[in-house]
Amino acid sequence: QHLKARHPYTNYEFWEEATQGLPRMALGPGSDAHGGPGPVSDETMKAWLQMERAYLYTGTQPASYTLGLIEAMMTGLPVVSIGPERMRIFSYSPDLFEGHEIAQNWNDDPVIVGNDLRSILNDPDYAAMLGRGCRDRAIELFGKETIGRQWAEYLGARVAVAA
C-alpha cells in the first residue's frame, strides 16, 4: 500500500531502480500515483498474482515481513527480495528483517535484483521452477499444518487442523 508515498519505509527507490526498463506494475492503494490501478479487490489481487511472472519484495519497515510476501509465494510466483542492508530506517531494522530469508532469492544491490528479475522474465522454465520452490517454501513455513502445530504449542492445547 502506498509504495511511493510511504518511501523510505517501503523502499520505493530500490523498487524503481531494480525494475527500471522492465514491464512492471505495483498494485493496491496509492499505486495509481506511479502507473498502477490503485485499490483493487481481493479477487483482483489474487488474479494478478496468479498471472504475473515475478514479484519484487521490498518489505515495509519496521516489519520483519508482510502478508504480501506470503501471498505472492503461496500463489507460486518467483520472488526476489530486497536484502537486510537496505533496511536502515531504524537501527534494529537489518536484524529484524526476515523477508530475504523467507524468499531465499535476494540481494542488497538493485542492479543485481534487476538482473535476477530479467532472468526470471526471460526464461519461463526457470520462472516455473523458482515459483514452485517459493510455493513449497511458503507452505513449509506458513501452511495450515505448520501454523496449526505452532498455535497449539503456543496455546499449550490440542488444536484440530483442517487440511
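1. Leucine 56 sits in strand E1, which spans residues 55–57. Helices (H or I, at least four residues) and strands (E, at least two) are DSSP runs, numbered from the N terminus.

2. A word on what you are looking at. This is a predicted model, in which local features need pLDDT of at least 70 and side-chain atom pairs count only at pLDDT 80 or more, while totals for chains, interfaces and linings use all residues. Residues are numbered from 1 along each chain as its sequence is written, and side-chain values use heavy atoms, with hydrogens and water left out.

3. Which residues does leucine 56 touch, not counting residues up to four places away in sequence? They are Phe14, Trp15, Ala18, Thr19, Val80, Val113 and Leu117, where contact means heavy atoms within 4.5 Å. For a sense of distance, leucine 56 and proline 29 are 27 residues apart along the chain, and 17 Å separates their C-alpha atoms.

4. Leucine 56 also belongs to the largest nonpolar core, which has 30 residues; Leu56, Leu69, Met73, Val79 and Val113 touch the most other members. Such a core is a set of buried Ala, Val, Leu, Ile, Met, Phe, Trp, Tyr and Cys residues joined through side-chain atoms within 4.5 Å. At least two residues of this core come from each of H1, E1, H3, strand E2 (79–82), helix H5 (99–103), H6 and H7. H7 gives the largest share, five residues. As background, nonpolar side chains tend to be buried together in soluble globular proteins.

5. Next, have a look at how helix H3 (residues 67–75) packs on helix H7 (residues 124–142): the angle is about 125° and the axes are 7 Å apart. Axes are lines fitted to C-alpha atoms, for helices over the stretch in contact, and angles run from 0 to 180 degrees between N-to-C directions. H3 and H7 are therefore oblique to each other; angles under 35 degrees count as roughly parallel, over 145 as roughly antiparallel, 65 to 115 as roughly perpendicular and the rest as oblique. The crossing of H3 past H7 is left-handed, meaning that the near helix is turned anticlockwise from the far one by less than a right angle, with clockwise being right-handed.

6. Which residues make that meeting of H3 and H7? From H3 come Ile70, Met73 and Met74, and from H7 come Cys134, Arg135, Arg137, Ala138, Ile139 and Phe142. By class, this contact of H3 with H7 holds seven nonpolar, no polar and two charged residues. In this scheme Ala, Val, Leu, Ile, Met, Phe, Trp, Tyr, Cys and Pro count as nonpolar, Asp, Glu, Lys and Arg as charged, and the others, Gly among them, as polar.

7. H7 has another partner in helix H8 (residues 144–155), with an angle of about 20° and axes 5 Å apart. H7 and H8 are therefore roughly parallel to each other. Ile139, Glu140, Leu141 and Phe142 of H7 make the contact with Lys144, Thr146 and Ile147 of H8. The classes in the contact of H7 with H8 are four nonpolar, one polar and two charged residues.

8. The backbone deserves a check too. Histidine 7 and proline 8 are joined by a cis peptide bond, with omega about 15°, and proline 8 lies in the segment before helix H1 (12–19). Glutamine 61 and proline 62 are likewise joined by a cis peptide bond, with omega about 15°; proline 62 is in the loop between strand E1 and H3.

9. Are they buried or exposed? Histidine 2 counts as partly exposed because its relative accessibility is 33%, whereas asparagine 11 counts as buried at 7%. Leaving aside neighbours within four places in sequence, asparagine 11 is in contact with Thr58, Gly59, Gln61, Ile82, Arg86 and Met87.

10. Finally, visit serine 119 in helix H6 (residues 110–122). Its relative accessibility is 36%, so serine 119 counts as partly exposed. Serine 119 and phenylalanine 90 are 29 residues apart in sequence and 33 Å apart in space, C-alpha to C-alpha.

Methods. Buried < 20%, exposed > 50% of the residue type's maximum accessible area, 1.4 Å probe, protein only.
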